[in-house]
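Please open the model in your viewer and prepare to select residues by number. The tour below concerns salt bridges and their surroundings.

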Amino acid sequence: MKQKILVAGGTGYIGSHTTVELQNAGYEVVIIDDLSNSTIEVLDGIEKITGVRPGFIQLDLKDKEGARKALQANPGIKGIILFAASKAVGESVQQPLKYYRNNIVTLINLLELMPEFGIEGIVFSSSCTVYGQPDPENLPVTEDAPIKPATSPYGNTKQINEEIIRDTIHAGAPFKSIILRYFNPIGAHPSAEIGELPNGVPQNLIPYLTQTAIGIRKELSVFGDDYDTPDGSCIRDYINVVDLAKAHVIAMDRMLEDKSEKPVEIFNLGTGNGVSVLELIRTFEEATGVKVPHKIVGRREGDIEQVWANPERANKVLGWKAKETLADTLRSAWNWQKRLREKGIQ
């Protein structure tokens, strides 16, 4: 058995897939989650896939004393992967204080507690939103692209949290960090035992798309068709969630095996391909044979026109590469939606 890892936000979308990959790699996982955007049944899916039920504590990590007690009750944690955060761009524009409180206080609490418990490293779930709208000469985006003013409070919390981690470690904190800047995670585990299931109306594109395809939602809104892109809709880099999860295992291995080249390392995680929203809808329809009713509406505040990754650093340094095709990834999302229907969940 490898070391014990705390996955903060581990019943969420990316957290649950990462827990599966950590357990498959031999790590012991303890999840802390407040279940504000997930359900306890996710643990059943993880157990079905891996044969192991992770430890679980229901806790809001903004409660520092609660977090301390959770760490005391689980001695020997060597690393943390921090997913616990609010993550919808549009909602963050409407509720900025929720985002600043949830996303920043949680990180500060964990960073303050890590030395107390001898925790050696933290993998931070960051985002391509830190690049803002890159200038054309910086597309595809490398890790050295300028950090632009954030276009949403969500993006700003990611920028601030990256700075907090760098400043804390620069000041002599006795741990390391790897910051992973995700592009757009989509899809579900091929077993269809876990996937993206936000509480309430989805804020992210793919769950809204699959819920529309299956008839739960009337139609999908495409926010703007007048951007300076080939078809007028926003362009993103859509990465399979299992591919993404595997990068976290490699990052944790790297820190705990003392292979990091410096105390804070940053990697972009994407496919290197930009795909527009309208292209994505077409690819889903071709991959599944299911039509997605959709309409063009006005632009959404906080959205970036186009961004996609240059993932070469992660490819070379981590030995990680996104492998799944967009069509297969969209089929996995559709299979997950159908499984939810079978279970009577939606």
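## A tour of the salt bridges

Select Glu 112 to begin: at 44% relative accessibility, this residue is partly exposed (buried means under 20% relative accessible area, exposed over 50%, partly exposed in between, with a 1.4 Å probe and protein chains only). The model is predicted, so local features need pLDDT of at least 70 and side-chain atom pairs count only at pLDDT 80 or more, while totals for chains, interfaces and linings use all residues. Residues are numbered from 1 along each chain as its sequence is written, and side-chain values use heavy atoms, with hydrogens and water left out.

Lys 64 belongs to helix α3 (residues 64-73) and Glu 112 to helix α5 (residues 96-113), so the pair ties together parts 48 residues apart in sequence. Helices (H or I, at least four residues) are DSSP runs, numbered from the N terminus. Lys 64 is partly exposed, at 27%.

Next, select Arg 339 and Glu 193, a salt bridge with its closest N and O atoms 3.2 Å apart. Arg 339 sits in helix α11 (residues 326-342), and Glu 193 in the loop between β7 (184-186) and α7 (205-213), 146 residues apart. Glu 193 is buried at 17% relative accessibility, whereas Arg 339 is partly exposed at 22%.

Finally, select Arg 331 and Asp 328, which form a salt bridge of 2.5 Å, N to O. Both lie in helix α11, 3 residues apart, about one turn of the helix.

How values were computed:
Helices (H or I, at least four residues) and strands (E, at least two) are DSSP runs, numbered from the N terminus. A salt bridge is a side-chain nitrogen of Lys or Arg within 4 Å of a carboxyl oxygen of Asp or Glu.
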